[in-house]
Amino acid sequence: MEKLVLLKDTAVPMPMEDIDTDQIIPARFLKAIDKKGFGDNLFYDWRYDKNDKPNSSFILNNPIYSGSILVAGKNFGCGSSREHAAWALFGYGFRVVISSYFADIFKGNALNNGLLPLQVSPEYLDLILDRLSTDPNTEIEVNLEEQYVQLLPDGHREKFEIDDYKKMCLLNGYDDIDYLLSLEDKIKDFESNRSYVHKTIRK
Amino acid sequence: MGKTLFDKIWDAHVVHAVNASQEVLYIDRHFIHEVTSPQAFAGLRDRGIGLFRKDQTVATADHNVPTINQHLPIEEPLSRIQVETLTKNCAEFDVNLFGLGHENQGIVHVIGPELGITQPGMTIVCGDSHTSTHGAFGTIAFGIGTSQVEQVFATQTLLVSKPKKMRINIEGQLSEGVLSKDIILYLLAKLTAGGGTGYFIEYAGEAIESLSMEARMTICNMSIEMGARGGLIAPDQKTFDYIQGRDYAPSGQEWTEALAYWKTLKTDSDAEFDLEYTFQASDIEPMVTYGTNPGMGLKVTENIPSGLSSSKQESFSKSLEYMGLQADQPIQGLAIQNVFIGSCTNSRMEDLRIAAKYVQGKKVKEGVRAMIVPGSQQVSKQAIAEGLDKIFTEAGFEFREAGCSACLGMNEDKIPMGEYCVSTSNRNFEGRQGPGARTILASPLTAAAAAIHGKIVDPREN
Ligand code: SF4
């Protein structure tokens with residue numbers, strides 16, 4: 001997994017609420033058997049029209065907005081559990097998504113892929129969206145070590161919460177599986193000491 | 001203070017606490033399918049390890065499979081590769097696979113309960129958000145991402161944070177013509193698509209207790225549409241009766257032991273929830289959705305709202321535009337072109353029986369394409385044994401083979417652009433049933449009625 005420490009970049013605003021993973025990556029693109037290439041199909045049905053031509057009114061096709069930070073409305077990533085949504089955002093080049101709420105599974109998937117789901121207050125989200133609409137070149141600083149996000153032009157900042165274990169993983173580029181593998185003895189102990197065991201299912 | 005059902009199961013599965021919020025949870029059963037597993041198997045291969053507890057893993061092919069001519073090779077090359085990759089991976093890693101052509105094949109959330117694999121008190125995961133379905137048996141069941149599929153493969157555990165607890169009580173009895181699908185669409189309309197975010201829901205109350213196991217599954221299935229991590233219902237005699245005798249259910253002495261344990265699985269009377277709601281079953285009527293998230297629902301007799309709260313206004317307008325509908329318009333009478341009865345929400349025997357009873361002796365309205373897609377090979381076989389397939393085909397329905405089908409349109413069962421589909425599935429997101437498809441979620445009864453009338457009608461009156 002790639003490390004994420006400090007990021008200063010411009011951002012792309014998508015103020016809609018409840019952006020679901022079917023929009024982030026439509027189901028028909030889930031047929032790959034590896035993790036590559038999903039970025040090309042990110043938001044496909046919003047990005048392209050019926051004839052697969054770029055839809056000029058969609059924000060990702062608007063050249064005045066760019067950057068590795070996506071700023072989205074509340075409840076981002078709801079719907080399907082597809083991790084492909086996180087791969088698509090990351091593959092496209094996003095490293096941070098800012099929203100006032102993330103759907104649970106999406107949040108976990110993002111963190112497992114080096115993509116930071118950064119939750120801010122609704123007021124701060126409005127402030128960022130407002131700045132971006134007046135000045136598309138507004139730079140945002142995301143400081144994971146210090147856990148704050150800041151609008152660079154005027155230093156307006158907000159602290160954000162992140163689980164300390166997840167933070168350590170992101171800062172170092174570790175994923176959960178390395179950690180879990182190190183617990184093998186504990187897991188075996190647990191298995192042998194359970195009060196009730198559902199019998200194995202293999203027939 | 002007493003414990004909730006959720007706490008009892010959760011606490012019995014904690015292997016290790018990492019910090020105040022992250023815990024390592026032991027997973028009893030792991031279901032996998034072709035879409036969200038290939039990258040996880042690849043991960044194991046890269047690490048040079050196998051499955052830690054392969055006997056607790058079960059695989060099936062469901063999302064991509066065609067629903068006609070399943071005995072022939074899959075035509076669509078990418079779908080074929082994905083299904084073949086699952087077969088190869090299961091052979092290489094020695095995983096129990098109910099693949100295409102197997103008598104136990106079907107939608108993962110239909111076959112788990114049907115085979116008796118799903119049992120009270122378990123933790124169950126699958127790389128699929130509707131894993132919440134299994135909660136109907138009093139299990140903690142939830143969807144996971146592909147990285148987590150790999151974690152479970154490798155360690156039979158997951159690193160998770162404990163969700164908050166919500167209880168939803170439905171008091172009283174449902175009226176005639178109102179099904180469990182209407183309950184969950186009603187709850188979604190009341191609590192919204194984000195209303196359960198961060199919570200694990202327990203459903204309780206007289207109306208829930210009166211439901212059959214299959215009807216309970218429909219409710220738990222759509223917990224995720226509220227943003228909840230999952231939903232569960234305390235097991236009772238119906239649960240035990242449903243499980244007993246199934247292929248993978250315990251028997252003999254093991255059954256006696258299991259039953260003794262399962263009977264302890266209920267919320268203590270003095271347990272506390274972080275949030276609790278109570279609704280009256282008598283307020284619930286047949287429901288449909290009008291928008292592009294499952295929380296945008298209304299009674300079939302109501303008009304589409306004039307608007308939503310200001311923060312939702314943009315999504316609301318965009319939704320209506322996509323759906324080709326107007327604010328304040330009645331939903332009843334809207335002409336529809338497709339009906340899909342299927343998906344892990346409503347593709348079990350009871351759903352098919354309800355639909356068949358309604359359509360028997362009637363004809364699908366001219367110009368409507370109506371599909372019945374059983375949830376599994378076993379459901380299909382049973383439906384044929386009961387003669388339901390004939391009732392459906394005589395009425396003008398297509399009776400297809402088992403799979404996810406038009407629920408997400410990964411196979412060729414797609415709804416054409418711009419057309420309406422009354423669907424018993426769980427998601428009405430833009431493009432869910434095919435690019436430009438307009439989905440209206442409903443119960444199997446309301447869907448069957450729409451097929452016959454060619455429009456949205458109140459199934460109680462028509
Ligand atoms: S039927 Fe639909 S919701 Fe259920 S598992 Fe298949 S694709 Fe997912």
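At what angle do the axes of helix α3 and helix α4 of chain A cross? I noted that this is a predicted model, where local features need pLDDT of at least 70, side-chain atom pairs count only at pLDDT 80 or more, and totals for chains, interfaces and linings use all residues. Residues are numbered from 1 along each chain as its sequence is written, chains are lettered from A and ligands numbered from 1 in the order written, and side-chain values use heavy atoms, leaving out hydrogens and water.

**Helix pair.** I found α3 (residues 84-92) and α4 (residues 104-111) of chain A crossing at roughly 50°, with their axes coming within 8 Å. (Axes are lines fitted to C-alpha atoms over the stretch in contact, with angles from 0 to 180 degrees between N-to-C directions; helices are DSSP runs of H or I, at least four residues, and strands runs of E, at least two.) α3(A) and α4(A) are therefore oblique to each other (not under 35 degrees, over 145 or 65 to 115). For the contact (heavy atoms within 4.5 Å), I listed Ala85(A), Ala86(A) and Leu89(A) from α3(A), and Phe106(A), Asn109(A) and Ala110(A) from α4(A).

**Strand β7(A).** In β7 (residues 148-151) of chain A, Tyr148(A) and Gln150(A) point one way, Val149(A) and Leu151(A) the other, and all are buried (under 20% relative accessible area, 1.4 Å probe, protein chains only). I saw β6 (residues 140-143) of chain A pair antiparallel with β7(A) over 4 bridges (pairing takes at least two DSSP bridges). Gln150(A) is the bridge partner of Glu141(A). Next I checked β8 (residues 156-159) of chain A, which runs antiparallel to β7(A) and is joined to β7(A) by 4 bridges. Val149(A) stands opposite Glu158(A) there.

How values were computed:
Buried means under 20% relative accessible area, exposed over 50%, partly exposed in between (1.4 Å probe, protein chains only).
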